[in-house]
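The following note sets out some points on the model below. Please read them alongside the coordinates.

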Amino acid sequence: MSDATTDEPLVLGIESSCDETGVAFVRGTTLVGDALASSVDEHARFGGVVPEVASRAHLESMIPMLERASAEAGHRLDDVDAIAVTSGPGLAGALMVGVASAKALALCLDKPLYGVNHLAAHVCADVLDHGPLPEPTVALLVSGGHTNLLVVRDIASDVEELGSTIDDAAGEAYDKVARVLGLPYPGGPHIDRAARDGDPEAIAFPRGLTSRKDMERHRFDYSFSGLKTAVVRWVEARERAGEPVPVADVAASFSHAVADVLTRKAVLACTELGISDLQIGGGVTANTQLRELAEKRCAEAGIRLRVPRIRLCTDNGAMVAALGSQMVMRGLPPSDLALPADSSLPVASVQA
Ligand code: KG4
Ligand code: ZN
């Protein structure tokens with residue numbers, strides 16, 4: 001990939017907050033080079049991401065990914081106008097690898113450094129597919145590590161959290177339910193596949209935080225821990241009774257419960273706030289039922305739905321470069337070189 005020379009800034013983005021080492025070059029809102037290494041296979045036998053394993057994998061992959069992205073973009077590292085890096089939230093040790101690498105590059109190449117928020121970067125990924133983000137927009141982020149409902153008034157500087165999960169992330173619930181059903185990690189894609197042959201109405205699993213009382217206190221929050229426990233109990237009861245577990249029906253009914261509550265609250269946020277654009281991102285966005293239900297409910301409510309291609313929904317360096325590029329184009333000052341990796345960086349801190 002290569003790009004014509006324009007006035008738009010060329011930004012290098014580095015992502016290392018969880019189990020993906022992502023490096024990318026973005027010119028304005030155009031992705032020109034992208035490289036990604038994942039340590040997901042190394043975590044499979046543990047059934048979840050092991051932070052130390054992830055950090056070591058980032059160390060091993062960082063330089064090869066910088067070289068690969070650079071070759072794909074047809075640019076040298078010192079061609080860039082700025083360097084952007086995820087500085088939080090995420091796994092502390094994993095973040096540190098990306099932040100230290102970005103600082104080293106910024107110092108050696110004498111380029112401005114932008115520490116960016118991982119959640120805002122997820123939202124910003126979509127500019128690479130669909131152009132400038134309508135503002136304000138509501139954004140729903142659903143992955144193995146996060147489930148957040150956000151209102152974005154300015155992608156580079158004004159992101160507010162409406163709600164988030166109070167326990168498990170949606171993807172985490174998928175991974176745990178998959179384990180109970182004897183499906184491999186990460187469980188989401190396997191449950192999705194199994195669900196295609198099942199009946200989503202077969203089992204009435206609970207919808208977390210949707211009772212009238214919960215809607216007062218946790219209007220835009222999510223909870224998937226009760227749902228996960230309900231599935232586990234249901235499956236165990238079947239096994240105790242010596243009856244076969246209808247994996248497809250459990251998968252379909254569980255997925256339906258997740259998609260129902262995710263889309264219901266996201267659409268409610270749009271209608272109550274009078275915002276007519278919804279954007280969805282994060283690895284769980286690959287889910288068939290979530291996509292279909294989001295499309296249906298948005299169409300019914302007159303809301304425009306934006307969903308980037310799946311490769312941009314999961315963790316990647318392109319979204320970080322895209323957000324850095326927005327900051328450069330708005331003329332925002334760079335971050336301090338003493339920028340820390342902050343595992344619990346609040347959503348509202350778009351730039352660290
Ligand atoms: O965004 P992501 O790649 O990584 C982070 O967690 O940040 O999301 C991974 C999560 C995993 O929990 C995985 O099980 C889930 O996304 N996932 C899915 C599907 N594909 C991936 N969940 C439901 N349906 C899918 N098709
Ligand atoms: Zn993420």
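1. In this predicted model, D315 touches E15, S17, C18, E20, L36, H118 and H122, leaving out residues up to four places away in sequence; a contact means heavy atoms within 4.5 Å. The side chains of D315 and H118 are joined by a polar contact of 3.2 Å (a pair of N or O atoms within 3.5 Å; within protein, one must be able to donate a hydrogen and the other to accept it, and residues adjacent in sequence count only if both atoms are side-chain atoms).

2. D315 lies in the loop between helix 12 (310–313) and helix 13 (317–329). Helices (H or I, at least four residues) and strands (E, at least two) are DSSP runs, numbered from the N terminus. D315 is buried, at a relative accessible area of 9% (buried means under 20%, exposed over 50%, partly exposed in between; 1.4 Å probe, protein chains only).

3. An unreviewed UniProt entry annotates H118, H122 and D315 as "binding site"; UniProt positions are in the numbering used here, feature names are shortened, and annotations may be inferred rather than shown by experiment. The three residues span 198 residues in sequence, yet no two of their C-alpha atoms are more than 8.8 Å apart, so they gather at one spot.

4. H122 belongs to helix 4 (residues 118–124) and is buried, with a relative accessible area of 1%. Beyond its neighbours within four places in sequence, H122 contacts L141, H146, Q279, G282, C313, T314, D315 and M319.

5. The chain has zero disulfides, a disulfide being a pair of cysteine sulfur atoms within 2.5 Å. C270 is in no disulfide, and the nearest cysteine sulfur, that of C298, is 6.4 Å away. C270 is buried, with a relative accessible area of 1%; C298 is likewise buried, with a value of 1%.

6. The chain comprises 13 helices and ten strands. Its radius of gyration is 20 Å, close to the 20 Å that the globule rule gives for 352 residues, so the chain is as compact as a globular protein of that length (taken over C-alpha atoms; the rule is 2.2 Å times the number of residues to the power 0.38). Of the 352 residues, 53% count as buried.

7. On conventions, residues are numbered from 1 along each chain as its sequence is written, and chains are lettered from A and ligands numbered from 1 in the order in which they are written. Local features need pLDDT of at least 70, side-chain atom pairs count only at pLDDT 80 or more, and totals for chains, interfaces and linings use all residues, while side-chain values use heavy atoms, with hydrogens and water left out.
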